[in-house]
Amino acid sequence: YAKRPAFVHTAKKPRSGKTTAAETIGNLCGEPLVIDLDRRAEERLKERWLSPEGLTKRIGLIDNLKKTLDSDLMDQLVTIKTISGKVLGVGEGSRPNVITYFITANNVKLSPDFARRCFYVDFESPDTNVAWEVELHEFLREHSQHVVADILYVLGLPVRPFDPERKVTQEGFGMWVQEVLARVLGFAPVAEV
């Protein structure tokens with residue numbers, strides 16, 4: 001649990017698929033919890049994660065970030081092992097931190113502390129195919145179990161050393177880099193990209 005980076009989907013232009021990618025990943029393990037970062041919403045975020053519906057969520061989505069993300073709470077939520085706080089009508093509660101955060105933005109602005117907790121994915125503008133999103137959802141409706149099985153297969157592969165040309169930082173996420181990223185980057189179809 002914990003010690004996984006937040007994933008920041010960025011692009012120079014809008015409509016590049018950043019949100020669709022985050023939602024698609026989130027939908028493979030249940031719908032994402034959409035997060036607002038205004039002050040009031042941030043104060044209630046732990047309550048949302050600890051609510052009966054929030055307990056089933058594994059993905060947090062901050063979509064179309066327009067302001068600078070500078071949040072002590074988000075810094076903490078990315079790295080802590082257990083989320084604890086107030087449960088409405090109950091009192092104190094906790095849950096294991098199995099949450100992965102996705103942030104989408106065209107011109108991302110992050111505090112230096114939060115930026116070090118992130119893994120960046122840059123999106124290019126796709127070829128225009130108006131049906132691509134419908135085709136993606138249809139494919140996943142029919143094959144989501146196969147996609148999850150493929151992911152589990154890749155995560156079960158032996159760890160391979162990184163190609164020296166790839167620049168990979170391990171700051172704060174050494175175990176994730178070694179146990180997850182090394183397997184993904186070592187998988188032949190990914191390594192060839």
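What follows is a walk from the whole chain to single residues.

**Before you click**

This is a predicted model, in which local features need pLDDT of at least 70, side-chain atom pairs count only at pLDDT 80 or more, and totals for chains, interfaces and linings use all residues. Residues are numbered from 1 along each chain as its sequence is written, and side-chain values use heavy atoms, with hydrogens and water left out.

**Stop 1: the whole protein**

Zoom out. The protein has eight helices and seven strands; these are DSSP runs numbered from the N terminus, with helices being H or I of at least four residues and strands E of at least two. With a radius of gyration of 17 Å, close to the 16 Å that the globule rule gives for 193 residues, the protein is as compact as a globular protein of that length. (That radius is taken over C-alpha atoms, and the rule is 2.2 Å times the number of residues to the power 0.38.) Along its principal axes, the C-alpha trace spans about 50 × 40 × 35 Å. Buried residues make up 37% of the 193. Buried means under 20% relative accessible area, exposed means over 50%, and partly exposed is in between, using a 1.4 Å probe and protein chains only.

**Stop 2: the sheet**

Now colour the strands. You'll find an open sheet of five strands in the order β2-β3-β6-β1-β7, with parallel pairing. Two strands pair if DSSP finds at least two bridges between them. The edges are β2 and β7 (118-123), each pairing on one side only.

Select β3 (59-62). What lies on its two faces? I59 and L61 are on one side, G60 and I62 on the other, and all are buried. Towards β2 (residues 33-34), β3 pairs in the parallel sense over two bridges: L33 stands opposite G60, and V34 has L61 as its bridge partner. Towards β6, four parallel bridges join the strands, and there I59 stands opposite T100.

**Stop 3: the core**

Show side chains for L69, M74, L77, Y101 and F114: of the 35 residues in the largest nonpolar core, these touch the most other members. Such a core is a set of buried Ala, Val, Leu, Ile, Met, Phe, Trp, Tyr and Cys residues joined through side-chain atoms within 4.5 Å. Among the elements giving two or more residues to this core are β1 (6-11), α4 (72-79) and α7.

Centre on Y101. Leaving out residues up to four places away in sequence, Y101 touches A6, F7, I35, W49, G60, M74, L77 and V78; contact means heavy atoms within 4.5 Å.

**Stop 4: helix α7**

Select residues 174-186. This is α7, which bends by about 30° at V180; the bend is the angle between axes fitted to the seven residues ending there and the seven starting there. Its buried residues include W176, V177, L181 and R183. G186 also lies in α7 and is buried, with a relative accessible area of 14%. Draw a C-alpha to C-alpha distance from G186 to P161: they are 25 residues apart in sequence and 7.4 Å apart in space.

**Stop 5: the cysteines**

How many disulfides are there? Counting pairs of cysteine sulfur atoms within 2.5 Å, the number is zero. C29 is in none, and the nearest cysteine sulfur, that of C118, is 18 Å away. C29 counts as partly exposed at 35% relative accessibility, whereas C118 is buried at 13%.
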